[in-house]
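Please walk me through this structure. Begin with the overall build and work down to single residues.

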Amino acid sequence: MNGNDRATGAFRLRLRTQPVLRLELAGLTPLSLAGESSVEVARRMLWHGNEQLPLGEFFDVEALAADSAEIVFEGDLSRCDGVGRGMDGGRIRVEGDVGDYVGAEMRAGEIVVTGSAGMLAACEMAGGRMEVRGDVGDYAASALPGDMDGMRGGLLLVRGNAGARFGDRMRRGSAIVFGDAGDFLASRLVAGTIAVAGEVGAHCGYGMRRGTLIFAGPQPEPPPTFVPTGHDVQVIWTLLARSLVALGGPFGALAASHPRRFVGDLAADGKGEWLLPA
Amino acid sequence: MSAQMRSAATIMQINGITIDDTFAEAFPMKATRLVITAHNATWANHAAVALTGFATSVIACGCEAGIERVLGSDETPDGRPGVSVLLFSMSGKELAKQIERRVGQCVLTCPTTAVFSGLDAGPDADRAALGKNLRFFGDGWQISKVIDGRRYWRVPVMDGEFVAEETTPVVKAVGGGNLLILARDTDAALGAAEIAVAAMRALPNVILPFPGGVVRSGSKVGSKYASLPASSNDAYCPALTPLAKRTELAAEPGEEINCVMEIVIDGLTDGDVAAAMRIGIETIVGRGAAAGVRRISAGNYGGKLGPYLYRLHALLGKEAS
């Protein structure tokens with residue numbers, strides 16, 4: 001074990017080897033570790049399958065010389081679930097892939113994943129900022145199984161592709177996908193904003209009640225339950241586009257466009273909107 | 001510009017115009033800035049003029065409001081031409097009421113307009129509703145959109161949709177800074193007032209709420225009629241120079257003062273009001289006494305009511321000794 005006994009706010013947790021079973025990291029948030037020494041952090045108990053083991057069994061813990069509350073994970077964490085779950089401040093950086101439930105129910109702070117994330121990333125996220133530089137699995141920005149509401153605040157950036165049911169039951173916040181999105185994008189969307197730069201799968205906007213879907217790249221054919229409105233939406237479009245332009249890449253040229261607008265899903269109130277700028 | 005002490009140590013003359021050794025007395029107010037945009041500058045201006053109409057004095061208008069400046073399309077949140085307006089009231093509650101009424105009747109109604117908060121006062125600032133209550137005009141069809149932490153309301157209307165930011169910050173401000181222009185005749189007083197108003201309106205963070213920026217009915221506190229809180233400032237009325245118990249217009253023969261105009265200034269900060277008063281005085285005295293201005297003075301209540309005192313000599317950087 002690296003590090004020392006000095007209490008600090010920032011830690012590097014380097015995964016030694018891939019755990020045999022799923023390893024649950026929920027509750028291991030930057031603010032909860034702040035003030036602990038690396039020895040104390042290593043003594044924290046984690047669920048590994050159905051047994052509890054000390055964190056030090058899996059990770060090398062190193063205290064970092066930083067005043068801010070921060071955790072840096074290194075290694076292949078694709079079997080580690082719940083990273084940043086319930087986080088309410090500070091920063092988490094994952095150097096590599098991460099498992100399921102990353103950033104679930106987070107309320108504040110920032111998470112950056114340099115690799116890809118598993119299923120249910122940012123589900124029920126309520127605030128803060130999360131960026132996944134790779135792909136996210138199914139049900140990102142959606143609801144926890146059995147819950148009625150999905151993501152409800154904050155900003156989710158997915159630089160790669162998203163799986164199916166992205167933003168299912170989402171009700172607030174912004175979720176951006178730079179790549180493609182799978183089937184049932186924004187299904188049962190309650191509200192909030194989703195922007196996609198790539199292709200989308202089947203049944204996009206299925207059961208969408210309110211909220212906004214923006215297609216910065218390929219323009220999908222709206223389904224029969226979405227209908228056009230011809231009025232001038234330049235004001236709200238400029239506000240939205242200027243916010244997205246700051247993200248760059250495929251969103252960089254949106255401000256100069258004039259979108260077509262469709263409303264739907266008419267089978268579910270029809271107050272959702274698709275903005276098709278190309 | 002030449003300054004000289006005329007006789008007594010407290011008398012200052014610049015270019016033949018006397019600057020009275022007195023001060024303007026101003027009061028704390030609550031204020032906000034709104035940015036109104038529209039399809040073109042004409043319609044933004046229509047909305048701004050209507051919004052700031054009948055807003056000359058808190059005595060009976062509820063608020064004092066004015067156009068601060070015209071905004072280019074590169075300066076507004078939605079990239080359209082706009083106008084920034086400032087509204088001042090005596091309390092945050094009254095200001096909120098005025099915002100709701102005025103935006104509801106004058107901006108929501110005006111073709112193609114949108115309205116935004118124009119102040120960045122931080123998350124802890126007091127805030128007044130902007131679109132927050134007006135959204136109910138949408139009768140359930142209104143849509144909320146949060147963009148970069150700011151909530152906007154989109155209300156369907158007959159020309160498309162009315163977009164209004166949900167709230168606007170309310171900040172402490174200063175109201176009632178003033179200048180009195182004492183002149184030979186009407187032409188001289190108006191001419192001086194007009195150029196001073198033009199110079200003062202070029203500054204940010206201030207408005208001159210009276211018609212054309214000028215008020216001719218300066219008031220004093222109280223009245224012989226018990227029901228009136230304010231009445232004509234008889235000490236500055238040339239019609240009463242020989243009659244009133246106290247006059248401020250006594251003058252040597254050939255130096256008579258036959259017309260007085262007042263410019264009232266509301267500003268977001270103490271410094272903004274002071275800057276406007278300073279440039280107003282400098283603009284007037286820059287033309288010299290030949291243009292007909294005899295004196296520049298200011299209105300106050302003896303310094304007992306308002307916490308902000310603007311000494312004219314100090315504003316000019318020439319403290320009377």
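The paragraphs below go from whole chains to strands, and then to individual residues.

This is a predicted model. Start with chain A. Its secondary structure comes to three helices and 17 strands. Along the principal axes, the C-alpha atoms of chain A fill a box of roughly 65 × 35 × 25 Å. The radius of gyration of chain A is 20 Å. A compact globule with 278 residues would have a value near 19 Å, so chain A agrees with that expectation. Of the 278 residues in chain A, 53% are buried.

Now the sheets of chain A. In general, strands of a sheet pair through backbone hydrogen bonds, and the pairing is either parallel or antiparallel. One open sheet in chain A has four strands, in the order E4-E3-E2-E7, with mixed pairing. Its edge strands are E4 (51–54) and E7 (80–81) of chain A, and each pairs on one side only. Inside that order, strand E2 (residues 23–24) and strand E3 (residues 45–48) of chain A pair in the antiparallel sense, over two bridges. One bridge can be found by residue: A:Leu23 has A:His48 in E3(A) as its bridge partner.

Move on to strand E16 (residues 260–264) of chain A. Is E16(A) enclosed or open? Four of its five residues are buried, so E16(A) is largely enclosed by the rest of the structure. E16(A) has pairing partners to look at. Strand E15 (residues 227–229) of chain A joins E16(A) through three bridges, and the two run antiparallel. Here A:Thr229 stands opposite A:Arg261. Strand E17 (residues 272–276) of chain A also pairs with E16(A) in the antiparallel sense, over five bridges. In that pairing, A:Arg260 has A:Leu276 of E17(A) as its bridge partner.

The end of E16(A) deserves a stop. A cis peptide bond joins A:Gly264 and A:Asp265, with omega about -10 degrees. A:Asp265 is in the loop between E16 and E17 of chain A. As background, most peptide bonds are trans.

Next, a single residue in chain A. A:Cys123 lies in the loop between strand E9 (108–113) and strand E10 (129–132) of chain A. Is A:Cys123 buried or exposed? A:Cys123 has 27 other C-beta atoms within 10 Å, and therefore it is buried. The cut-off for that label is 20 or more. Which residues does A:Cys123 contact, leaving aside its neighbours within four places in sequence? Among them are A:Tyr101 and A:Ala104, and also A:Tyr139, A:Ala141, A:Ser142, A:Ala143 and A:Leu144. A:Gly150 and A:Met151 are in contact with A:Cys123 as well.

Cross over to chain B. Its domain assignment gives domain 1 (3–26 + 173–316) and domain 2 (30–171). The C-alpha centres of these two domains of chain B lie 32 Å apart. Between them, 11 residues of domain 1 of chain B are in contact with 12 residues of domain 2 of chain B. The side of domain 1 that touches domain 2 divides into nine nonpolar residues, one polar and one charged.

Finish with backbone angles in chain B. Most residues other than glycine have a negative phi. B:Asn15 has a positive phi, near 50 degrees. Its place is in the loop between strand E2 (12–14) and strand E3 (17–19) of chain B. B:Asn15 is partly exposed, because 17 other C-beta atoms lie within 10 Å. B:Phe54 also has a positive phi, near 45 degrees. B:Phe54 is found in the loop between helix H1 (41–51) and strand E5 (64–71) of chain B. With 12 C-beta neighbours inside 10 Å, B:Phe54 counts as exposed.

Definitions and conventions
Residues numbered from 1 in each chain as written. Chains lettered and ligands numbered in written order. Predicted model: local features only at pLDDT ≥ 70, side-chain atom pairs only at ≥ 80, totals over all residues. Contact = placed C-beta atoms within 7 Å. Pairing = 2+ DSSP bridges. Domains from an automatic or database assignment. Nonpolar A, V, L, I, M, F, W, Y, C, P; charged D, E, K, R; others polar. Rg over C-alpha atoms; globule rule 2.2 N^0.38 Å.
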